[in-house]
Amino acid sequence: MEAARLLTDSAARAYDKGLRCDMEAGMAKYFATEAAVENSMEAMRIHGAYGYSKKYNVERLYRDAPLLTIGEGTNEMQRLIIAKMLIARNPA
Ligand SMILES: Cc1cc2nc3c(=O)[nH]c(=O)nc-3n(C[C@H](O)[C@H](O)[C@H](O)COP(=O)(O)OP(=O)(O)OC[C@H]3O[C@@H](n4cnc5c(N)ncnc54)[C@H](O)[C@@H]3O)c2cc1C
């Protein structure tokens, strides 16, 4: 979570300065949403049967997290954007 926050802050700082930040935004989106999937899965496991019940928030987080990796640019597309920008910014 902390690494996701730091990447998001970095992208937001670049945006606030009016700099190009599609790569930074892609890195933040990719990392934070993958962390959401991993962390919600871990929460589900920790809560056991309670994590599966709609009575608790963990069930909703577990169900919602995968959507974050698809909407607003899938994570596969984020990886392509990041790779293209890294190559463009660091010519051999
Ligand atoms: C629950 C849900 C809610 C949504 N809500 C909204 C909404 O409110 N508003 C909205 O505008 N859209 C919404 N969407 C749509 C979402 O933005 C699209 O599903 C998403 O952009 C992927 O597009 P697609 O479904 O056409 O998949 P496709 O573009 O057909 O891609 C299918 C899969 O192939 C991968 N892929 C495609 N091309 C490449 C490539 N060149 N290299 C590697 N991998 C590739 C993709 O990453 C994806 O995993 C929602 C989707 C879901 C599942």
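1. With 11 C-beta neighbours inside 10 Å, glutamate 72 counts as exposed, the cut-off for that class being 12 or fewer. The structure discussed here is a predicted model. Glutamate 72 is placed in the loop that runs between α4 (57-68) and α5. Its phi is near 55 degrees, a positive value in a residue other than glycine. Most residues other than glycine have a negative phi.

2. The overall architecture comes next. The protein chain holds five helices and zero strands, and along the sequence the pattern reads α-α-α-α-α. The radius of gyration of the protein chain is 16 Å, well over the 12 Å given by the globule rule for 92 residues, so the chain is more spread out than a compact globule. Taken along the principal axes, the box filled by its C-alpha atoms is roughly 50 × 25 × 20 Å.

3. Burial and contacts describe the chain as a whole. Of the 92 residues in the protein chain, 16% are buried. Among contacts between residues at least 6 apart in sequence, 55% join residues at least 24 apart.

4. Helix α1 covers residues 2-16 and includes alanine 14. At 1.5 Å a residue, its 15 residues should span 21 Å, and the end C-alpha atoms of α1 are 21 Å apart, which agrees. Just after α1, glycine 18 takes a positive phi of about 75 degrees.

5. Alanine 14 is partly exposed, with 16 other C-beta atoms within 10 Å. Not counting residues up to four places away in sequence, alanine 14 touches Leu19, Cys21 and Glu24. Alanine 14 and methionine 41 are 27 residues apart in sequence, and their C-alpha atoms are 32 Å apart in space.

6. At 1.5 Å a residue, the 26 residues of α2 should span 38 Å; the end C-alpha atoms are 37 Å apart, which agrees. Glycine 48 follows α2 and has a positive phi, near 60 degrees.

7. Which residues of α2 are buried? They are Glu24, Ala25, Gly26, Met27, Ala28, Lys29, Tyr30, Thr33, Ala36 and Ser40. These buried residues of α2 pack against α1, α4 and α5.

8. The largest nonpolar core has six residues, namely Leu7, Ala11, Ala25, Met27, Ala28 and Tyr30. Both α1 and α2 supply at least two residues of this core. The largest share, four residues, comes from α2.

9. Leucine 61 lies in helix α4 and is partly exposed, with 17 other C-beta atoms within 10 Å. Leaving aside its neighbours within four places in sequence, leucine 61 is in contact with Ser40 and Ala43. The C-alpha atoms of leucine 61 and serine 40 are separated by 6.0 Å, although the two residues are 21 residues apart along the chain. Ser40 is also one of the buried residues of α2.

10. Methionine 85 belongs to helix α5. It is partly exposed, having 16 other C-beta atoms within 10 Å. Not counting residues up to four places away in sequence, methionine 85 touches Asp22 and Met23. The C-alpha atoms of methionine 85 and tyrosine 52 are separated by 40 Å, the two residues being 33 residues apart along the chain.

11. What surrounds the ligand? The shell is formed by Leu67, Ile70, Gly71, Thr74, Glu76, Met77 and Leu80. By class, this shell has four nonpolar, two polar and one charged residues. Helix α5 (residues 75-89) gives the most to the shell, with three residues.

Notes: Residues are numbered from 1 along each chain as its sequence is written. This is a predicted model: local features need pLDDT of at least 70, side-chain atom pairs count only at pLDDT 80 or more; totals for chains, interfaces and linings use all residues. A residue is near a molecule or strand if its C-beta atom, placed from the backbone, lies within 6 Å of it. Ala, Val, Leu, Ile, Met, Phe, Trp, Tyr, Cys and Pro count as nonpolar, Asp, Glu, Lys and Arg as charged, and the others, Gly among them, as polar. The radius of gyration is taken over C-alpha atoms; the globule rule is 2.2 Å times the number of residues to the power 0.38. A residue is buried if 20 or more other C-beta atoms lie within 10 Å of its own, exposed if 12 or fewer, and partly exposed in between; C-beta atoms are placed from the backbone. Two residues are in contact if their C-beta atoms, placed from the backbone, lie within 7 Å. The expected span of a helix is 1.5 Å times one less than its number of residues. A nonpolar core is a set of buried Ala, Val, Leu, Ile, Met, Phe, Trp, Tyr and Cys residues joined through C-beta atoms within 7 Å.
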